[in-house]
Amino acid sequence: MQKLLAFLLPVLFAIGTLVMNLSRGFTIGGYVLIAIFTALAIYFMPGFASLF
């Protein structure tokens with residue numbers, strides 16, 4: 001469960017930030033947040049993949 005959440009939470013935050021940027025216009029802070037949350041999701045991807 002923790003591996004699943006460690007992967008899904010950054011993914012959901014990255015998607016949410018992308019939607020906010022698309023609806024309100026892109027900002028430098030938005031790009032930074034998308035990059036951080038995407039990097040976190042990629043970092044936790046092997047742990048998530050080991051569940052299957």
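Author: First, a term: axes are lines fitted to C-alpha atoms, and angles run from 0 to 180 degrees between N-to-C directions. Also, this is a predicted model.
Reader: OK. How do the axes of H1 and H2 cross?
Author: They come within 8 Å and cross at roughly 155°. Angles over 145 degrees count as roughly antiparallel, so that is how H1 and H2 run relative to each other.
Reader: And which hand is the crossing?
Author: Left-handed, as H1 passes H2.
Reader: What classes of residue make the contact of H1 with H2?
Author: There are 17 nonpolar, 5 polar and 1 charged residues.
Reader: Switching topic. What span should helix H1 have?
Author: H1 covers residues 2-24, which is 23 residues. At 1.5 Å a residue, the span should be 33 Å. The end C-alpha atoms are 33 Å apart, so the two agree.
Reader: What comes just after H1?
Author: Gly25, with a positive phi of about 100°.
Reader: Which residues of H1 are buried?
Author: Phe7, Pro10, Ala14, Thr17 and Asn21. They pack against helix H2, residues 28-49.
Reader: What does Pro10 touch?
Author: Leaving out residues up to four places away in sequence, Pro10 touches Leu5, Phe37, Leu40 and Ala41.
Reader: How far is Pro10 from Ile36?
Author: Their C-alpha atoms are separated by 8.6 Å, though the two are 26 residues apart along the chain.

Technical notes
Residues are numbered from 1 along each chain as its sequence is written. This is a predicted model: local features need pLDDT of at least 70, side-chain atom pairs count only at pLDDT 80 or more; totals for chains, interfaces and linings use all residues. Side-chain values use heavy atoms; hydrogens and water are left out. Helices (H or I, at least four residues) and strands (E, at least two) are DSSP runs, numbered from the N terminus. The expected span of a helix is 1.5 Å times one less than its number of residues. Buried means under 20% relative accessible area, exposed over 50%, partly exposed in between (1.4 Å probe, protein chains only). Contact means heavy atoms within 4.5 Å. Angles under 35 degrees count as roughly parallel, over 145 as roughly antiparallel, 65 to 115 as roughly perpendicular and the rest as oblique. A crossing is left-handed if the near helix is turned anticlockwise from the far one by less than a right angle, and right-handed if clockwise. Ala, Val, Leu, Ile, Met, Phe, Trp, Tyr, Cys and Pro count as nonpolar, Asp, Glu, Lys and Arg as charged, and the others, Gly among them, as polar.
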